[in-house]
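Hi,

Here is the structure we talked about passing on. Please look through it, then read the notes below.

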Amino acid sequence: MKNDERGSAFALPFESCKRKVNVEREEIYVTQASMPSYDEFTEAVRPLWSSRMITNMGCFHEELEKRLREYLEVPEVSLMVNGHMSLEMAIQMMGFPEGAEVITTPFTFISTTHAIVRNRLKPVFCDIKPSDGTIDETKIEDLITERTVAILPVHVYGNVCSVHIIQQIADKYGLKVIYDAAHAFGVRYKGKGIGNYGDISIFSFHATKVFNTIEGGAATFQKHDYYDRLYNLKNFGIRDEELVAEVGANAKMNEFCAVMGLCNLRHISDVVSRRKARCMEYRGYLSNVPGIRFFEEDPNVEGNYGYFPVIIEESCSLGRNEIYNLLKRNNIFSRKYFYPLVPDQECYKGQYQRNALQNAEKLAESILVLPLYEEMKPETVERVADIIRAGVSGVKPV
């Protein structure tokens, strides 16, 4: 068999990969990826076909780092293959001793804790604030021991942590502050880009985020020597053709992803604006529904409207799981984001000291993230809200 024949024998028709949509049974998912037009992207990647240079910190990679420094208003940006590796590399770069403790939140995506544990460090879970879901800064000091080396808070749903108080605590005890800002792309706090706080912040550019590079991530920081260290760690430690300066991994962003990022960055203002409009519509429809609460809004925060979480309180006539299932029966797929808590996941259960986490436990049992994306139509928001309101009021069976 010739090579071209052998390849075609294994090739699947593109038609088999096309999503089959039943128009009469529309399914609404919790998110959709932001994408430029097909023509815009294909035109942007055209130079890659002539150059055949699609990796190793190429022209588009460099241009995206430059544009992100400007948009995020930060001195330094290091692009990575994804948000998780950005965090894992950021922690590794600090050179913490094996077994050292990192104070973090239990209310987060599992990646946050994995990055700590994969660096052979010990996560110490601190409770959160019910007002916004972020780490409770008033409980951090009680958890600090002689083994503590860092605080790793999360700007969950783009809600900003108490950055100034956290920094004061870190300065007092000589700790590093590493922010998981995966949800906070473009968020500004008191007129300042969120990536400027702490020693380093990491962002996720996953397809589900407000801004995506298909798959990708980045770290932002003040110190230029961090850039060199991260460069080594994400590129096998290679500095030139004959020099490997240290042991590194392969966590580079490729040129195709960088091009997608450059295209999406052109439209980010419109994306945020449209998502904001949908959030305001949700609030209008659901604000008077008994037992449904929203997180408190901070007037000092310019948000990115990446998520629309609601809290289903005990006073609601339907529980969180009941509303989740009600929506699912109507082909609307919300998400219990984040449930269960990280220390209750099978891979961590019983491994680490279980501090008092009452607020986090309660929030995990009551949180529900509703569908939100910039292509979402106002009538779709109304449909989701109507189903919730009807279910809670018991006016009609759904």
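**A buried aspartate in the sheet**

Asp180 sits in strand E5. Helices (H or I, at least four residues) and strands (E, at least two) are DSSP runs, numbered from the N terminus. This is a predicted model, in which local features need pLDDT of at least 70 and side-chain atom pairs count only at pLDDT 80 or more, while totals for chains, interfaces and linings use all residues. Residues are numbered from 1 along each chain as its sequence is written, and side-chain values use heavy atoms, with hydrogens and water left out.

Asp180 is buried but has no salt bridge. Buried means under 20% relative accessible area, exposed over 50%, and partly exposed in between (1.4 Å probe, protein chains only). A salt bridge is a side-chain nitrogen of Lys or Arg within 4 Å of a carboxyl oxygen of Asp or Glu. For Asp180, the nearest side chain of opposite charge is Lys209, 8.1 Å away. Lys and Arg count as positive, Asp and Glu as negative; His and the chain ends are not counted.

What does the side chain of Asp180 reach? It reaches the backbone nitrogen of Ala182, at 3.1 Å. That is a polar contact (a pair of N or O atoms within 3.5 Å; within protein, one must be able to donate a hydrogen and the other to accept it, and residues adjacent in sequence count only if both atoms are side-chain atoms). Leaving out residues up to four places away in sequence, Asp180 touches Leu87, Thr108, Thr112, Leu152, Pro153, Val154, His155 and Ile202. Contact means heavy atoms within 4.5 Å.

**The sheet and its helices**

The sheet is open and has 7 strands, in the order E1-E9-E8-E5-E4-E2-E3, with mixed pairing. Strands E1 (76-80) and E3 (122-125) are at the edges; each has a single partner strand, so one side of each lacks a neighbour in the sheet. The twist averages 25° from one strand to the next. Two strands pair if DSSP finds at least two bridges between them. Strand E2 (residues 101-104) pairs with E3 in the parallel sense, over 4 bridges. Within that pairing, Ile103 has Val124 of E3 as its bridge partner.

Helix H5 (residues 110-118) packs on the sheet and touches E2, E3, E4 and E5. Its direction makes about 140° with that of E3. Axes are lines fitted to C-alpha atoms, for helices over the stretch in contact, and angles run from 0 to 180 degrees between N-to-C directions. Helix H4 (residues 83-93) lies across E1, E4 (148-152), E5 (176-180), E8 (200-204) and E9 (217-221). H4 runs at about 165° to E8.

Asp199 is in the loop between strand E7 (192-193) and E8. Its relative accessible area is 18%, so it counts as buried. The side chain of Asp199 reaches the backbone nitrogen of Val177 at 2.8 Å. Its contacts, leaving aside neighbours within four places in sequence, are Met94, Leu175, Lys176, Val177, Phe221 and Tyr226.

**Salt bridges**

How many salt bridges does a search of the whole structure find? The count is 25.

- Lys234 and Glu65 meet at 3.9 Å, N to O. Lys234 is in helix H7 (residues 224-234) and Glu65 in helix H3 (residues 59-72), 169 residues apart. Lys234 is buried at 0% relative accessibility. Glu65 is buried at 4%.
- Asp136 and Lys139 form a salt bridge, with the closest N and O atoms 3.8 Å apart. Asp136 is buried at 8%, whereas Lys139 is partly exposed at 32%.
- Glu313 and Arg293 form a salt bridge, with the closest N and O atoms 3.1 Å apart. Glu313 lies in the loop between strand E14 (308-312) and helix H10 (320-329), and Arg293 in strand E12 (residues 292-293), so the pair ties together parts 20 residues apart in sequence.
- Glu101, Lys122, Glu146 and Arg147 are linked in a network of salt bridges.

**Backbone points to check**

Tyr339 and Pro340 are joined by a cis peptide bond, with omega about -5°. Pro340 is in the loop between H10 and helix H11 (358-366). Ile214 is not a glycine, yet has a positive phi of about 75°. Ile214 is in the loop between E8 and E9, and is partly exposed at 40%. Tyr305 also has a positive phi, near 55°. Tyr305 is in the loop between strand E13 (301-302) and E14.

Best wishes
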